[in-house]
Structures are given as C-alpha cells and as structure tokens.
Amino acid sequence: MNLIADCYEKLQKKRGWLVLVLLLLALVSGWNLTQLKVEESIASMLPDGESRVASDFQLLQQAPFARKIVIHLRGGEEIATQQLLAATDQLRAALPAELFSHPLSGPGALQSASLPMELGDYLPFLADAKDLQQMAQLLTPQEIDRSIGVALAQLMQPQGVVLKKQIRSDPLDLQRFAQQKLRYINPLPGVRLVQGHFLSRDGRSSLILADTPVLITDVDGSRRLIDAFAVAKQQLPAGIRADLISGHPYTLANAEVIQ
Amino acid sequence: MRIFYLLPTLLSLLLLIFPAPGRAASGTLQPLLGELQTAAKQTQTLASSFVQEKNLAIFSEKLLSQGRFFYQAPDRLRWELLTPVASGFVLRGGEGERWNSLSQERTSFSVENDPIMGVIAQQLLAWARVDLDWLQRRYQMRLMTDDADSLRLIPLDQGEAGFIDYFLVQFAPDRRYIAAILLVEQGGDSTRIRFTDVQLNKELPKAIFQSPELQ
C-alpha cells in the first residue's frame, strides 16, 4: 500500500507527464489492436486442457490427408470425354494457388519425374532371389552382345539423345527389375489414365488432387477455400458438375451450426 | 569535355552501322520462313532416304546408318533405320509403334504416355509441317550469314536445352524440304542427317505407316 501511496504523492504533481504516458500506452495498445488477426478455429470450441478430444484433434491436423483436397468432376451423358478433360484443366487453372497448391489432374509430373531411373540405384536392396536368377541369365556373352546391340540401335534412333545417359549407366537395362516392383502399385484403384488425366472406368468422372495450407480446424480459412472453389467452378460448362471433398466443408458446417 | 558531347553521336553511328541483332534477324528471317511455310502448305506427302552420322564421345569411330523417312499430312510419320540394325517407329496421330529387329520387339506407344516419343513426334511433325508458331516458341532462330539456306536454332525450353546445344538446319535451294540437319548436343556429341532422294506429294501406300513384320 505504501508503494501506491508513494507513487500517488510523487505523480500527483506531474499530471501532465502521467497523461502523456497514458496516452502513449493507449496509442501503442490501439496500434497492437489493429495488428491482431482474429482466427476462428473450431479447436477453441473443444474442452480446455489435456482432454482426449483435444489430443485427437491435434493428431488429426497432422495427418497427411487433412491438407488434401479431392475435386470430383462429373459429366452428363451428353458430355464427351474430351470436353470433360478440357473442363478439368480449366477448373484446375482457375483454382487460386494460395488456397489450392500443387493441383494435379493426372500423373503427368510423376511420369516425367526421375523416379523410374533413380529406382535402379536401389536395385541391390530391391532384387530378390528370383530377380538374381534372371539377371544371371542375362550375363552370358550372347545375352550381353544382344543387350549392347539393342542399346546401340536405341542410341541411333532420335530418342538416343535422351536415352544416352541411361544407356551408359545401365547398358544391360537391369533397372527394369526395380521398375517391375512398381507394377502392382495402383494408388487410385478404378482410375484409368486418359491423355494424362485421371478418369473413371465409365469415362464420365475425372479428378483433381490438391494440397491446401488451410487447417481443417480453421473456420475462416475453410470459408475462403469453399468460396474460392464456388467461384472457380462457375466457369464450368453446362452439364459438368464439380464437388469438393475434404474436411473443410464439415468444419464450416459444424461452426455455423454451433454459432 | 568534348568527348562527352561526341559520345552520343558516336553511339548513334555505331547503332546505325550494327543494328540490333533481333531486328536484323527478323528482317532477314521472315522471307525465308514465309517461303518455307508456303512450301509446307503444298506438301501432302514426303518420302526420303537419309544417311546419319553420329559422333559420340563413347565411341572412337563415327556411327553410320542409313534409313528412310515418310510423312503424310497432317500427322503420320515413319522414321526407320535400315542399317546397321533395322529399327524405327511409325506414328499415326497420337498413337504409334516402334520396333527393333535385334531384340525382336515391337511395342505400341502413345505420345501422351511416352514423353520421349511425344517430344520426338512433336519435333518431326513441326519440321515436316513447318509449324512456325511452335518453332518460334521453342527456339531462338538465326539465319547463318555464310549460308542463306541454313538456320541455327537454339532451344529456349530449359528441358530441351539441357540436352541440345543447337540445331543447324539446311534447306534445299528451292526451300521445299530440309536437305540436312546437324544436331549438336551439350557436351559436344553430334548427329548429322543428310536427306537424299526426296520425293514430294507422291502417293504413299497405307502400309507405310504400319510397323513391319519382324524377321
């Protein structure tokens, strides 16, 4: 109490300074207030503390699929496959990059990636006894002659310019044993590839896959994401509909019900 | 101080004597490109033999081969080596087959699913059609000063520039077809192809654009 009384006694004679300091504090606080970013997160609606629901939510946000977005396009019977593919490219281009990153409508980037070539470097780890047996059969003088002859023929074709490095590093084409290991991998069952696009078996549905920086608990971000998608899909021709599949529409719907 | 007054005058004179390369190139390139495009529009089919010389650092000798090339507007091709190993490919629109007599392999491909064949098909078709829009997007073109029938093309595409340093394309005197191509790769390897017995607008049998039976 003495401290407050002492301060009062000392400062009552310096009211001008006191008011000035208070004004400065008010200004700094006001400026800070303008810098505040209001976030609406559905996580704040969860019970505080170390609750099981809160920890599950934390884990859920770290899951890779939580930032993935799948856009499903469906064409009517009157829509030709070519039109559906063109509309898919059009929608992909219309998605804003700050909300939809790395949009893919096909495995194009994956195909041109160096994965199949680099996979050959891991052949010692990937080859099994059966592979080794088959490789031994390729190491006879006759088979080596044949392989080198085939490589020479490839070098002399126009594609030789691109294949030259690969032929030099693996003239017997042993990396095919490593590539064969990928044969049974189908990350998207039921999907076929047409002109570099993911297309359903009936040819009437296509897919766009994208990442997003928006957390699935971020209500405001989810609203911006869904609004941006609604704007982008307005450009689609009649007869083609698009649906966004991710956790964000559910976050938004839940928040709206609670509010 | 006088030198400062003289500098602008000197610079103006230099600019007049050595005009900007871009302006000079476009000024002299356009008539040649125009002639090529006009000739290409009149070409429905093209049949030719060729001799190919490859200088590769991994071989001490030149690799010589002979082959045939066929084109039918708008999108059919056959590129075939007859010696030393019969091999090649045919293209019909976006689909094709390639073959190799040594491995006795014949495989189908589509330009969509085989990026390498896609690029090669695009290149050959662009040249056969003289698709100037495509070529000008992909290459910086320079008319060779010592040979008015030759163009030097430097790839603008980063991916292609990683493999190819430049192309030197020599046209026939009547500008109706390509007489020779020199392809210089990054690292110095090169390929020279000379086209001979070129026949334009000759009727080509349908079987030309089918892959052959392997023996």
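D173(A) sits in the loop between helix 10 and helix 11 (175-179) of chain A; helices (H or I, at least four residues) and strands (E, at least two) are DSSP runs numbered from the N terminus. D173(A) is not a glycine, yet its phi is positive, at about 55 degrees. Most residues other than glycine have a negative phi, and most peptide bonds are trans.

The model is predicted: local features need pLDDT of at least 70, side-chain atom pairs count only at pLDDT 80 or more, and totals for chains, interfaces and linings use all residues. Residues are numbered from 1 along each chain as its sequence is written, chains are lettered from A and ligands numbered from 1 in the order in which they are written, and side-chain values use heavy atoms, with hydrogens and water left out.

## Cis peptide bonds in chain B

A73(B) and P74(B) are joined by a cis peptide bond with omega of about 5 degrees. P74(B) belongs to the loop between strand 2 (63-72) and strand 3 (76-83) of chain B.

A cis bond also runs from T83(B) to P84(B), where omega is near -5 degrees. The loop that holds P84(B) lies between strand 3 and strand 4 (87-92) of chain B.

## Helix packing in chain A

Helix 12 (residues 219-233) of chain A packs on helix 13 (residues 248-258) of chain A at an angle of about 120 degrees, and their axes are 9 Å apart. Helix 12 of chain A is therefore oblique to helix 13 of chain A; angles under 35 degrees count as roughly parallel, over 145 as roughly antiparallel, 65 to 115 as roughly perpendicular and the rest as oblique. Axes are lines fitted to C-alpha atoms, for helices over the stretch in contact, with angles from 0 to 180 degrees between N-to-C directions. Residues in this contact (heavy atoms within 4.5 Å) include V219(A), R223(A) and I226(A) of helix 12 of chain A and P249(A), L252(A) and E256(A) of helix 13 of chain A.

The axes of helix 9 (residues 141-156) and helix 10 (residues 160-169) of chain A come within 7 Å and cross at roughly 145 degrees. A151(A), Q154(A) and L155(A) of helix 9 of chain A meet G160(A), L163(A), K164(A) and I167(A) of helix 10 of chain A.

## Cavity in chain B

The count gives one cavity of 30 Å³ or more. A cavity is a set of points on a 1 Å grid over the protein atoms alone where a 1.4 Å probe fits but cannot get out, and lining residues have an atom within 4 Å of a point. The lining of the largest cavity consists of L33(B), L36(B), W127(B), V130(B), L132(B), L135(B), M141(B), L151(B) and F171(B). Helix 2 (21-41) and helix 4 (132-138) of chain B each give two or more residues to this lining.

Technical notes: On a 1 Å grid over the protein atoms alone, a cavity is a set of points where a 1.4 Å probe fits but cannot get out, and a pocket is an open set with protein on both sides within 12 Å along at least five of seven lines; lining residues have an atom within 4 Å of a point. Grid points are joined across faces, edges and corners, and a volume is the space filled by probe spheres set on the points.
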